[in-house]
Amino acid sequence: MSLPVVIKRARHAKDLIDRDYDRLNLVDRYARGAHRAPWMPATANAEFKDLVKRSVVNVSALAVEAPLNALRVSGFRKPGSGENASEWAFWQKNRLDERQNAVHRAALTSGAAYVVVTPDPRKGRKEPAIRAYDAISTVAVYADPAWDEFPVYALHVPEQQPDEDRTVGYLWDDVAKYTVDLDAEPDSAVLTSQPHGLGVCPVVRFSPAVDLRGRTRGLVEPLIVSQDRLNQQTLSLLLNEHWGAHAIRWATGLAPAERLDPETGDPVRDPETGEPVYDVPSLDPSTLLMAPNSDAKFGQLPAMPTGDLLASRRQTVEEIMGLADVPPHYLAGSNLVNLSADALAAAETSFKRFLSTLQDSLGESWESVFRLCAMVAGRGEIEQDESQVEWAEKSTRSLAQAADAMVKLMQQGVPLSVALRKVPGFSQADIDEAVKAAEEAARKAEAAEALKQQKEAVNGGVDSQNRRDPARGGHVPARAGSAGR
């Protein structure tokens, strides 16, 4: 690839990153709970501003955390195979059991995340090094963004730059990885070039949804408007509780008591005006108010009701749960209480379908990552083989229900290794150990049965005088059958 083309691509990709930076940064802030503040008057005091800070309730983050807890890759194998493919070893070496959550979280939050697979120079370039980047600082450019598996090129610009005087980015294409100075002149902009020899741009996009125009959609951005409304309603509720939730006692016609000097007992006077200083009467609940004046009046302003505010706030929360496809009982305060396991499973029907869609989308991306790993390891060309990602079982069924379902599946001829994958909490190591123990027990049972049949063949049979009665297991005289004739 010529250097002018590399620089042109890098600067075009940098423009795309800058174009979406504000929008994606706002989405990231809402996912982390750093929301825009609810409206407040310009003359708000410190007390009011403190209530504004307390009014932020980060419900939109649940749209990411709820499905994230159920998205966990547990294996990579061909259908019918009881063992993981050889590429699974690279998954373990790159510690993706832990790091996959970061990839899934970034994809669900911003709508896209990117995983780069290149030869690891520290291990002789025969093992892949896998790195992941978010969409705020990374972009991939496709010839056909809706259908192509790999992009034409991709650029990552780290937020923390090693040098303040220049902006360094990393660009990948089908030939090499380039380190580019985006602020330098074209003749000196490409700092390094590292060929990877894969023949494709080794970048894989992860996204929960991609339309036919190649646009990606995250799970947080559609909730921002509803989240802002929820924060404003929460502020109104706090203001009501803080200043209007308690009854206000009032009195008129009272003669306030003069403040007396504790030493002399004389009335205290204002040093500037010379007028007596009066003590303001305390109106706390423990005070009994009395007045000698017959014109004095006492009363009480009722507390402001909060029922309408709570109902409006609850409606907004339910709206957010519906937009996010999150079951209502995932949030405390739901009206769903004392439900059976079957009722909870029914309440999660839509959520499970949504999870299945996410697993299809993210699973295809992980399969592309495994194919790149196979290419780096020199195991053939990149091709659409039959190996598939296995997702861990994360259902709400109890262990007893899962075990009962597993037994019924095995009675219908389903292999043990397949049935055990439907049991929540069973890792692939647990499944392999159980299958190994079952196979060992089957071998011992076959050996014992074979030994038993061998002994019966040696000791059994019918001689000329006695024969064995198969029903009673004893010997019967040879002529016993004619005794009654």
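**Exercise 1.** Is Ile248 buried, partly exposed or exposed?

*Solution.* The model is predicted: local features need pLDDT of at least 70, side-chain atom pairs count only at pLDDT 80 or more, and totals for chains, interfaces and linings use all residues. Residues are numbered from 1 along each chain as its sequence is written, and side-chain values use heavy atoms, with hydrogens and water left out.

Step 1. Recall the cut-offs: buried means under 20% relative accessible area, exposed over 50%, and partly exposed in between (1.4 Å probe, protein chains only).
Step 2. Ile248 has a relative accessible area of 43%, so Ile248 is partly exposed.
Step 3. Strands (E, at least two residues) and helices (H or I, at least four) are DSSP runs, numbered from the N terminus.

**Exercise 2.** Determine how Thr179 is placed and what Thr179 touches.

*Solution.* 
Step 1. Find the element: Thr179 is part of strand 7, residues 176–181.
Step 2. The relative accessible area of Thr179 is 13%, so Thr179 is buried.
Step 3. List the contacts (heavy atoms within 4.5 Å). Leaving out residues up to four places away in sequence, Thr179 touches Val168, Gly169, Tyr170, Ala189, Val190, Leu191 and Thr192.
Step 4. Look at Thr192 again: its side chain and that of Thr179 are joined by a polar contact of 2.7 Å. A polar contact is a pair of N or O atoms within 3.5 Å; within protein, one must be able to donate a hydrogen and the other to accept it, and residues adjacent in sequence count only if both atoms are side-chain atoms.

**Exercise 3.** Compare the spans of helix 5 and helix 9 with their expected values.

*Solution.* 
Step 1. The expected span is 1.5 Å times one less than the number of residues.
Step 2. Helix 5 (residues 96–110) has 15 residues; its first and last C-alpha are 20 Å apart, close to the expected 21 Å.
Step 3. Helix 9 (residues 349–376) has 28 residues and reaches 41 Å between those end atoms, close to the expected 40 Å.
Step 4. Check what follows each helix. Gly378 follows helix 9, with a positive phi near 75°.

**Exercise 4.** How many helices and strands are there in the protein, and what percentage of its residues is buried?

*Solution.* 
Step 1. The protein has 12 helices and 14 strands.
Step 2. Of its 485 residues, 34% are buried.
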